[in-house]
Each structure stands twice: as C-alpha cells, then as structure tokens.
Amino acid sequence: MEQAKLNTGYVITPLADALGAEVTGLDLAQPILPETIAEMKRAIATYGVLCFRKQSLTEAQQIEFSKLWGPLEDFPEEDKTVSAPSVYHVANVSADGQSLPETDFRVIFQKVNARWHTDSSYRYVPAYVSLLYGIEVMPKGAPGGRTGFSNMIAAYAALPNDLKDEIEPLHMVHTYEFGRRLFPELPPLTKFEKEAVPPVSHPLVRVHPDRNYERSLYLTANAGNEISGLPLDEARALHRRLVDHISQPQFTYFHEWEKGDLVVWDNRTMLHKAEAYDMSTYRRVFRRTTVAGDGPVLGPYSHAVINKVRPR
Ligand code: OGA
Ligand code: MN
C-alpha cells in the first residue's frame with residue numbers, strides 16, 4: 001500500500017496547444033490505483049496523447065500497465081514480436097540488438113510508419129490506445145526521429161461546411177496490405193495473415209458515443225485511399241486534400257523522445273507518424289503494446305447510433 005500511495009502525487013501538464021500532456025511523478029513499474037487509471041483515461045480523452053516521463057519498464061511491467069487500460073491486441077505478423085505476441089518491437093535493429101541493413105524488411109516496416117496513420121485501422125475493431133516506450137532514442141539535436149501526432153477532432157471542426165457535408169456518409173478502405181503497396185519488396189502476406197486481417201472499411205467521419213456523439217476524422221495517409229462511392233481519381237483527390245489539411249501545424253505536435261518516455265495515444269481521435277531519420281547512422285528502439293478497441297468504428301449513419309447522432 002505504501003508504494004501505491006507514492007503513486008498518487010502526479011502532475012499533468014499540457015505539452016502543446018494542439019494536443020498532448022506530460023505526466024510526471026508516477027512510477028509505472030509500481031502498483032497503480034484503479035482511480036489513477038480512471039483519471040488517465042479521462043486525461044487521454046482530453047489531451048489525446050500522454051507522455052509519462054522517466055520510466056524504467058521491463059517488458060512484463062509494460063504489459064502489466066497496458067492491461068490496466070483493457071485487453072491487449074496481438075500482432076498478425078510473428079516477425080514483429082519480441083517474446084510475447086502482444087509486444088511490437090518498433091526498431092531499426094533486430095530484437096536482439098543487431099544493426100540491420102536498410103533493405104531488411106524489419107527496417108522497411110519502420111518506413112511504413114512514416115505516413116499519418118492510426119494503429120490497427122486495418123482491423124474491423126481498431127485499437128483504443130497504443131503505448132510506446134523509448135529504449136534507444138535519437139541523441140539530443142540529431143535531426144528527425146520524432147513521432148508526430150495530429151488531432152482529428154480539431155481537424156474535423158476546422159473543415160469548411162461543404163466538405164463536412166460531402167464526407168459525412170463516406171467510408172474509406174483500410175488494409176493491412178497497404179505496406180506492400182508502398183514497399184513491394186516486403187515479403188507477401190501469408191495465407192494466415194490474409195485470412196486474419198482482410199480489408200475493411202470504416203466511416204471517414206467517426207462519432208464518439210462517449211463524447212456526446214462528437215465527430216472526428218478517421219483516415220490514414222497511406223495507400224489505402226479507396227473511398228466508398230467515389231471514382232478512384234476523385235477519392236485520391238479528396239484523400240490528398242484531407243491529408244494536407246490534417247498535416248497543418250495548428251493540429252499537430254511532434255514528440256522529441258527522451259529515453260524512458262512512455263507515450264500513450266488515443267487511436268480513436270489522433271493520427272501519428274514516425275518522422276524520417278538517418279537509419280544507417282542512428283539506432284532507434286521502442287517497445288509497443290496496444291489496447292484493443294471496444295467495438296467497430298461508428299459513423300453518423302451507423303445503425304447503432306443513427307437516431308442519436310446530432311445533426312450537423
Ligand atoms: C507505432 C508507430 C511511430 C514511431 O509504433 O505504431 O507508428 O515514431 N511508431 O516510431
Ligand atoms: Mn503506428
């Protein structure tokens with residue numbers, strides 16, 4: 001109990017205008033009170049991204065803290081796991097720390113993360129939060145290697161009304177295979193992976209029943225730009241326009257990593273991306289765990305909410 005008491009004197013400080021807050025004074029390797037998790041869930045709904053500074057977490061401790069947020073996702077591809085199927089080794093070096101050539105598919109997978117996306121949008125039920133822990137980070141002042149975030153609630157609110165009307169009923173196709181379209185040199189999906197994560201579509205405008213049906217944008221910037229009901233060239237143009245819109249600085253925050261940061265983001269309302277860096281010079285090693293969402297993405301016309309969503 002003494003340790004749990006220690007873990008109550010934390011401070012939450014906003015990081016940027018667009019989104020994000022820093023949490024200091026919590027030791028996530030120690031027991032966390034249920035009311036603290038409830039508070040963190042409220043904070044992430046407000047700020048979108050929380051950075052817990054100066055942590056020292058084993059894999060088992062990260063898994064334990066992550067499970068306090070909800071059940072974890074497993075990754076469809078074995079090569080991404082370290083020792084547990086719920087752990088994703090986000091790094092340009094091998095799981096046992098060996099440097100890798102830029103042609104290695106483990107390095108190429110890092111480049112797939114370089115476009116704005118939200119984790120596991122290729123699933124019918126995408127992720128709630130992701131937790132990314134900084135093990136080896138870029139040296140201070142070295143160029144690139146930050147993680148960018150963009151606030152989809154603010155970006156939606158700032159769209160012109162005619163565009164809001166146009167996108168209100170649309171769905172976008174998300175597919176695990178997008179990485180192969182961008183980087184055809186990656187090994188093809190196995191039959192198991194094709195079966196486990198077939199293409200899905202999600203509403204482009206997401207509504208949040210737990211936030212009074214507020215709307216936010218739900219898209220990725222990668223090659224999955226097929227949009228229901230639109231000819232492909234129109235879909236591409238709309239997709240380009242939306243990606244340019246959400247990339248603007250007033251919606252974004254770029255996190256400069258310190259070793260021991262645990263950054264948690266809300267995949268329902270935030271996009272993120274890895275900023276490019278010189279992969280042949282710098283080692284960059286993170287450990288990610290991911291908490292599953294609690295149901296399919298809901299849009300203004302989804303059966304479950306259609307009579308409850310406020311008209312625009
Ligand atoms: C991820 C991811 C971004 C980064 O781990 O899901 O997109 O900066 N990472 O490595
Ligand atoms: Mn990601």
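Reader: Why is H117 called buried?
Author: Happy to start there. This is a predicted model, and in it H117 has a relative accessible area of 8%. Buried means under 20%, so H117 is buried.

Reader: Why does the pair H117 and H272 tie together parts that are apart in sequence?
Author: H117 lies in the loop between α4 (105–112) and β5, while H272 lies in strand β13 (residues 270–274), so the pair ties together parts that are 155 residues apart in sequence.

Reader: And is H272 buried or exposed, and how do you know?
Author: The relative accessible area of H272 is 5%. With the limit for buried set at under 20%, H272 is therefore buried.

Reader: Which residues lie nearest the centre of the second largest cavity?
Author: You will meet H272 again here. The second largest cavity is lined by 14 residues, and those nearest its centre are V90, N113, L132, H272 and A274. Both β13 and β14 give two or more residues to this lining, and the largest share, three residues, comes from β13.

Reader: What makes this space a cavity, and what is its volume?
Author: In a cavity a 1.4 Å probe fits but cannot get out. The volume of the second largest cavity is about 140 Å³, and the count of cavities of 30 Å³ or more comes to three. By class, the lining of the second largest cavity has five nonpolar, five polar and four charged residues.

Reader: What, then, makes the largest pocket a pocket?
Author: A pocket is an open set of points, with protein on both sides within 12 Å along at least five of seven lines. The largest pocket has a volume of about 450 Å³. Its lining is made up of 25 residues, with Y128, R206, D210, R268 and D294 nearest the centre. Two or more lining residues come from each of α2 (34–47), β5 (127–136), β9 (205–208) and β14 (285–292). By class, 14 of the lining residues are nonpolar, four polar and seven charged.

Reader: Which residues line the second largest pocket?
Author: Among them are M138, P139, K140, R146, H255, E256 and W257. This pocket holds about 160 Å³ of space, and its lining has four nonpolar, four polar and three charged residues.

Reader: Why is D266 called buried?
Author: D266 has 0% relative accessibility, and anything under 20% is buried, so D266 counts as buried. D266 is placed in strand β12 (residues 262–266). Leaving aside neighbours within four places in sequence, D266 is in contact with I44, G48, Y128 and V129.

Reader: How do you know whether L19 is buried or exposed?
Author: At 4% relative accessibility, L19 falls under the 20% limit, so L19 counts as buried. L19 lies in the loop between β1 (11–14) and β2 (21–24). Not counting residues up to four places away in sequence, L19 touches Y47, V49, F149, S150, N151, F251, T252, Y253 and M270. For L19 and T252, which are 233 residues apart along the chain, the C-alpha atoms are separated by 7.2 Å.

Reader: Why is N212 called exposed?
Author: Exposed means over 50%, and N212 has a relative accessible area of 52%, so N212 is exposed. N212 sits in the loop between β9 and β10 (214–217), and its phi is near 55°, a positive value in a residue other than glycine.

Reader: Is Y213 buried or exposed, and why?
Author: Y213 is at 15% relative accessibility, so with the limit at under 20% Y213 counts as buried. Y213 is placed in the loop between β9 and β10. Phi of Y213 is near 60°, a positive value in a residue other than glycine.

Reader: What makes β7 and strand β8 (residues 200–203) a pair?
Author: Two strands pair if there are at least two bridges between them. Four bridges join β7 to β8, and the strands run antiparallel. One of the partners in β8 is P203, which bridges to H171.

Key
Residues are numbered from 1 along each chain as its sequence is written. Chains are lettered from A and ligands numbered from 1 in the order in which they are written. This is a predicted model: local features need pLDDT of at least 70, side-chain atom pairs count only at pLDDT 80 or more; totals for chains, interfaces and linings use all residues. Side-chain values use heavy atoms; hydrogens and water are left out. On a 1 Å grid over the protein atoms alone, a cavity is a set of points where a 1.4 Å probe fits but cannot get out, and a pocket is an open set with protein on both sides within 12 Å along at least five of seven lines; lining residues have an atom within 4 Å of a point. Grid points are joined across faces, edges and corners, and a volume is the space filled by probe spheres set on the points. Ala, Val, Leu, Ile, Met, Phe, Trp, Tyr, Cys and Pro count as nonpolar, Asp, Glu, Lys and Arg as charged, and the others, Gly among them, as polar. Buried means under 20% relative accessible area, exposed over 50%, partly exposed in between (1.4 Å probe, protein chains only). Contact means heavy atoms within 4.5 Å.
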